[in-house]
Amino acid sequence: MSLNLDPSSPEFQARRAEARKALDALDPAMQGAMAADSKRQDWFETVYKSAEDDPARVPWANLSAHPLTAAFIKAQVRGLDDLRVLDVGCGLGDNAECFAAAGAKVTAFDFIADAISWAKRRFAETQVDYRTADLFALPPEWRGQFDLVHECYTLQAISAALIPQALGILGSLLAPGGKLLIVARGRAEDEEVSGPHWPLPPSVFESAKAQGLEVVVVEDITATAQISRRHWRAVMRRAG
Ligand SMILES: C[S@@+](CC[C@H](N)C(=O)[O-])C[C@H]1O[C@@H](n2cnc3c(N)ncnc32)[C@H](O)[C@@H]1O
């Protein structure tokens with residue numbers, strides 16, 4: 001019998017709930033046993049491996065581009081033709097494919113090889129250049145090469161101690177005039193979070209400035225029919 005792959009179906013949601021429970025039990029961050037500077041690579045590895053090709057078992061895989069990313073792409077009146085886009089922590093590839101469908105030349109990476117091979121299987125005819133790479137050890141030749149760097153839900157999934165370094169790296173990937181687009185869950189500075197994930201506080205934008213980024217626009221988006229919780233959608237560029 002084939003799996004129901006409709007994320008809104010009760011079957012898909014039941015498989016997701018079951019997987020989440022099992023994954024939470026294996027997650028050192030959920031047990032309060034995570035090292036402060038952990039990249040959580042073992043846990044991400046476990047997520048993709050234990051999913052056994054069922055996207056319902058990958059907690060963030062909704063088999064379509066994030067609505068805030070898709071809306072950003074649609075709103076680009078001059079289009080994305082030939083824009084060099086980098087998708088960070090691309091998972092199963094839906095955001096990367098959305099950029100490619102709009103005409104961008106897309107490179108997408110994730111540090112889990114199983115995620116990358118899965119994305120390539122899903123999009124066999126893809127124009128996206130999928131790579132296995134770690135944000136904290138990227139190919140040096142990527143520096144300064146991208147007109148748009150997009151990250152969705154990766155910063156909120158790594159330990160807070162690594163976020164300033166991650167922002168500095170994201171900024172270093174921008175070509176002159178390039179933009180960094182961040183889509184993440186948001187919270188008030190003093191709101192308690194149990195984590196993971198860890199919605200980003202407003203001070204993340206101060207961290208970005210300290211890493212040489214200029215915040216062009218921050219949208220503080222409250223929950224909508226499509227988006228269950230508060231989100232930031234922010235555009236930054238290299239200062240100066
Ligand atoms: C919460 S998921 C989001 C995936 C995708 N961006 C999306 O919106 O569906 C975070 C992704 O980032 C990847 N990731 C986390 N840390 C990373 C790192 N240091 N380098 C590359 N990928 C990373 C994970 O493997 C995972 O696929």
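This is a predicted model: local features need pLDDT of at least 70, side-chain atom pairs count only at pLDDT 80 or more; totals for chains, interfaces and linings use all residues.
**Helix 1**

- Helix 1 covers residues 10–26, and its 17 residues at 1.5 Å each should span 24 Å. The C-alpha atoms at its ends are 24 Å apart, in agreement with that expectation.
- On the buried side of helix 1 you will find F12, R15, R16, A19 and L23.
- Looking down the axis of helix 1, these buried residues fall within an arc of 100°, so they line one face of the helix.
- Helix 2 (41–51) is included in what covers the buried residues of helix 1.

**The cavity**

- Searching the whole structure for cavities of 30 Å³ or more turns up 1.
- The largest cavity has a volume of about 40 Å³.
- Its lining is made by L155, L167, I182, A184, L200, V204, F205, W232 and M236.
- Strand 5 (174–185), helix 7 (203–210) and strand 7 (231–238) are the elements that give two or more residues to the lining of this largest cavity.
- In terms of class, the lining of the largest cavity has 9 nonpolar residues, with no polar and no charged ones.

**The second largest pocket**

- The second largest pocket holds about 320 Å³ of space.
- It is lined by 15 residues, of which Q76, R78, G79, L83 and K179 are the closest to its centre.
- Strand 5 supplies the largest share, with 4 residues.
- By class, the lining of the second largest pocket divides into 8 nonpolar, 4 polar and 3 charged residues.

- V88 is part of strand 1, which runs over residues 84–88.
- Is V88 buried or exposed? Its relative accessibility is 2%, so V88 counts as buried, the cut-off for buried being under 20%.
- Leaving aside residues up to four places away in sequence, V88 touches F109, L135, V149, H150, E151, T154 and L170.
- V88 and F111 are 23 residues apart in sequence, and their C-alpha atoms are 9.5 Å apart in space.

Technical notes
Residues are numbered from 1 along each chain as its sequence is written. Side-chain values use heavy atoms; hydrogens and water are left out. The expected span of a helix is 1.5 Å times one less than its number of residues. Buried means under 20% relative accessible area, exposed over 50%, partly exposed in between (1.4 Å probe, protein chains only). The arc is that of the directions from the helix axis to the C-beta atoms. Contact means heavy atoms within 4.5 Å. On a 1 Å grid over the protein atoms alone, a cavity is a set of points where a 1.4 Å probe fits but cannot get out, and a pocket is an open set with protein on both sides within 12 Å along at least five of seven lines; lining residues have an atom within 4 Å of a point. Grid points are joined across faces, edges and corners, and a volume is the space filled by probe spheres set on the points. Ala, Val, Leu, Ile, Met, Phe, Trp, Tyr, Cys and Pro count as nonpolar, Asp, Glu, Lys and Arg as charged, and the others, Gly among them, as polar.
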